Amino acid sequence: MLRSLLRLSAAVAFAALLTPGTPSAAPPPGLAYDEIVRIVANATPPPPGNFQNDVAALNAQQTAAAATPTPAPRRRGGFGSIIGAIASGGNVAGAAGGAVAQNAADNAVQSSLGARFGAMGAGFANFLNPHLMRYAYWNGWERVEDVTAQTATIRKCDAGQVIQLNLAAKTYTIYSPGNEPPPAAPRGAPGPRTRPAAEQPGTAVATFSNTTASLAPLRIEGQPTTGYDTTTSFSTTQATGSCHNSSAGMQTVQYISPLIRPSVNSCPVRPPEGLPETAAPPPATGGCKPTFSMHTSGPIPPVNRLALYSLVSFSAANGSAQPPSGGSSSFAFLTERGNIKTLGTADAGLFDVPQGFTKTP
């Protein structure tokens with residue numbers, strides 16, 4: 001039961017990492033910004049306001065990686081040795097090369113945290129390396145560019161168009177909103193769910209606590225921001241039967257700007273290929289049935305404003321998140337945003353196929 005809650009927390013955080021530009025509501029003018037997203041594993045994250053330095057470091061890392069062939073990595077079971085590889089470039093630099101990042105994700109996330117996050121850890125691989133994204137919103141349209149992968153997707157769903165661009169090959173494909181290909185499922189993603197086996201009855205006292213403290217204001221990328229530090233903890237005690245005593249926590253540090261998250265015209269949402277589209281089957285009878293209590297305190301961070309810095313860290317107090325080789329581990333999602341600009345009519349070309357691009361089937 002604790003695992004399920006933490007998986008849900010991880011899913012929410014990872015969804016925010018993958019689609020951080022998903023907006024709620026705002027009138028024109030439009031908005032554009034760049035964003036670095038990544039997983040920080042056993043390393044000190046950069047401080048708020050470090051976006052430009054991190055972009056420069058990321059560009060330097062990618063230039064070096066392109067000039068130096070990366071040897072095929074070996075599978076490693078020790079969490080510390082993997083972290084040594086992926087943190088070798090400092091706070092910003094991860095492992096050079098996608099293959100190293102994939103191995104790091106498999107070992108560091110699936111092996112060390114697999115008991116807590118399951119196969120979902122496979123989807124984190126691309127974010128062990130810093131990942132530069134570029135977002136633009138105007139007139140209810142959205143452009144999401146993966147600068148690292150040199151791809152972009154333009155969604156103009158009210159106009160019946162989803163345009164996928166290959167910026168490196170200078171090609172494009174146009175889909176209707178309902179026919180946009182779903183993303184591929186992460187390697188190792190679970191298949192269709194089956195009804196879980198019946199468990200012995202059990203009870204426990206489950207306590208959820210959420211405490212938020214205000215941080216000193218900070219100016220980031222020319223924008224005034226308000227800081228929030230939220231500590232979320234969950235524990236089960238007095239366990240009997242199939243229930244187990246356990247505890248875990250999540251800390252979220254945010255610096256939120258006054259910028260309203262831009263609005264977009266909704267497109268149909270499809271799950272990744274390979275993942276079941278139907279709801280999970282009903283749980284088996286029996287099993288752990290906890291009694292819940294919830295406690296919250298402190299200010300409530302606004303949900304419709306753009307965060308320029310967001311660090312979501314996970315921890316486990318019962319040792320279940322420790323790596324098999326022993327020692328300690330830390331695991332966090334980091335989002336930094338910068339290069340903010342206002343968009344208007346003159347920027348409408350951002351949402352069209354660039355000149356010189358060739359259409360593909």
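This is a guided tour of the structure above, one selection at a time.

**Before you start**

The model is predicted, so local features are described only where pLDDT is at least 70 and side-chain atom pairs only at pLDDT 80 or more, while totals for chains, interfaces and linings use all residues. Residues are numbered from 1 along each chain as its sequence is written, and side-chain values use heavy atoms, with hydrogens and water left out.

**Stop 1: the disulfide**

Select Cys-243 and Cys-288. These two form a disulfide, with their sulfur atoms 1.9 Å apart; the term is used for a pair of cysteine sulfur atoms within 2.5 Å. A disulfide is a covalent bond between the sulfur atoms of two cysteines. The structure holds one disulfide.

Which parts of the chain does the pair tie together? Cys-243 sits in the loop between β8 (223-237) and β9 (246-260), and Cys-288 in strand β10 (residues 286-297), so the pair joins parts that are 45 residues apart in sequence. Now look along the S-S bond: its torsion is about 105°, so the disulfide is right-handed.

Buried means under 20% relative accessible area, exposed means over 50%, and partly exposed is in between (1.4 Å probe, protein chains only). Cys-243 is buried, at 5%, and Cys-288 is partly exposed, at 23%.

**Stop 2: salt bridges**

A salt bridge here is a side-chain nitrogen of Lys or Arg within 4 Å of a carboxyl oxygen of Asp or Glu. By this rule there are eight salt bridges.

- Asp-34 and Arg-134: their side chains meet at 2.7 Å, N to O. Asp-34 is in strand β1 (residues 30-41) and Arg-134 in strand β2 (residues 131-138), so the pair ties together parts that are 100 residues apart in sequence. Asp-34 is buried at 9% relative accessibility, while Arg-134 is partly exposed at 33%.
- Arg-155 and Glu-180: the N to O distance is 2.8 Å. Arg-155 belongs to strand β4 (residues 151-156) and Glu-180 to the loop between β6 (171-175) and β7 (199-220), 25 residues apart. Arg-155 is partly exposed, with a relative accessible area of 22%, and Glu-180 is buried, with 10%.
- Lys-156 and Asp-352: this salt bridge spans 3.1 Å, N to O. Lys-156 lies in strand β4 and Asp-352 in the loop between β12 (331-343) and β13 (358-359), so the pair ties together parts that are 196 residues apart in sequence. Lys-156 is buried at 7%; Asp-352 is partly exposed at 37%.

Then select Arg-38, Asp-54 and Glu-336 together, and you will see a network of salt bridges.

**Stop 3: Asp-146**

Move to Asp-146 in strand β3 (residues 141-146).

The side chain of Asp-146 does reach the backbone nitrogen of Ala-149, at 2.9 Å. Contact means heavy atoms within 4.5 Å. Beyond neighbours within four places in sequence, Asp-146 is in contact with His-131, Leu-132, Met-133 and Thr-151.

**Stop 4**

Thr-252 is in strand β9 and is buried, at 14%. Apart from neighbours within four places in sequence, Thr-252 is in contact with Tyr-228, Asp-229, Thr-230, Leu-311 and Val-312.

Ser-297 is in strand β10 and is partly exposed, at 37%.

**Stop 4: the nonpolar cores**

A nonpolar core is a set of buried Ala, Val, Leu, Ile, Met, Phe, Trp, Tyr and Cys residues joined through side-chain atoms within 4.5 Å. In soluble globular proteins, nonpolar side chains tend to be buried together.

Select Tyr-33, Tyr-135, Leu-306 and Tyr-309: these have the most contacts inside the largest nonpolar core, which has 18 residues. β1, β2, β9, β11 (305-316) and β12 each supply at least two residues of this core. Finish at a second, separate core of twelve residues, including Ala-136, Leu-165, Tyr-172 and Leu-343.

Notes: Helices (H or I, at least four residues) and strands (E, at least two) are DSSP runs, numbered from the N terminus. A polar contact is a pair of N or O atoms within 3.5 Å; within protein, one must be able to donate a hydrogen and the other to accept it, and residues adjacent in sequence count only if both atoms are side-chain atoms.
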